Structure formats: structure tokens, C-alpha cells
Amino acid sequence: MDVKVEKSSERSRYEVLADGVLAGFAEYERQGDELAFTHTEIKEEFGGQGLASKLIRAALDDARTQGVGVLPYCPFVCGFVKKNAEYVDLVPEARRADFEL
């Protein structure tokens, strides 16, 4: 399966495509120099294939490239950051306790 993650700025979300088909997305709100991730969704027929993790990893890598902070309000994004300590630094230090990081 060919998996691609694309940023859709006009929709304020990152989208994951599997063989060219929209499989899911991670919504965010831009808040100054931070991206507040609010919701992640993978279509049922694409579940269990690790697409959500690939989606969030790409979104967080893009945030790092942009030099913006991340506020992981979405439970999936927050859980991903907790399991992947290399992304904790994206969450502003003063906000980490809000997300139990």
C-alpha cells in the first residue's frame, strides 16, 4: 500500500492517503506559533494498519520543520507523544503538565 501524508492548510488538517484514497485526517487549529491538534480520525475500513501513527508522525515532523509548538488536545496525538519521547520537546514546557507529559 502506498501511504502519503499531505497538509491541507485550507482545511486545517493533515490527511493520510492510502493508494490515493483519503483514509483519515488529523485536525488542528493554528494558535500563533502553535498547532493545537484537536481530532484524529481514520476511516473504519483502514483501521488497524498503523495509518494514524504514520499520520501523526508526519504531522509532528512537519511542525518541527516549521518551528512551531504542539498542543496535543486530541487523545490519540497526546498518547503518541507520550509513547514517542522524541516529540515531547514540541510541546511547550510550560504546557506539558496540562497533557501529563
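Reader: What makes β1 and strand β2 (residues 13-18) a pair?
Author: Pairing asks for at least two DSSP bridges between two strands, and six join β1 to β2, so they pair, running antiparallel. One of the contacts puts Lys4 with its bridge partner Leu17 in β2. By the way, this is a predicted model, where local features need pLDDT of at least 70, side-chain atom pairs count only at pLDDT 80 or more, and totals for chains, interfaces and linings use all residues. Residues are numbered from 1 along each chain as its sequence is written, and side-chain values use heavy atoms, without hydrogens and water.

Reader: How do you know which strands sit at the edges of the sheet?
Author: The order is β1-β2-β3-β4-β5 in an open sheet. β1 (3-8) and β5 (69-72) each pair on one side only, so those are the edge strands. Strands here are DSSP E runs of at least two residues, and helices are H or I runs of at least four, numbered from the N terminus.

Reader: What makes the crossover from β4 to β5 right-handed?
Author: The test is a clockwise path from the first strand over the helix to the second, with the strands pointing away from the viewer. Here the chain goes from β4 through helix α1 (residues 51-66) to β5, and this β-α-β crossover is right-handed, so that path runs clockwise.
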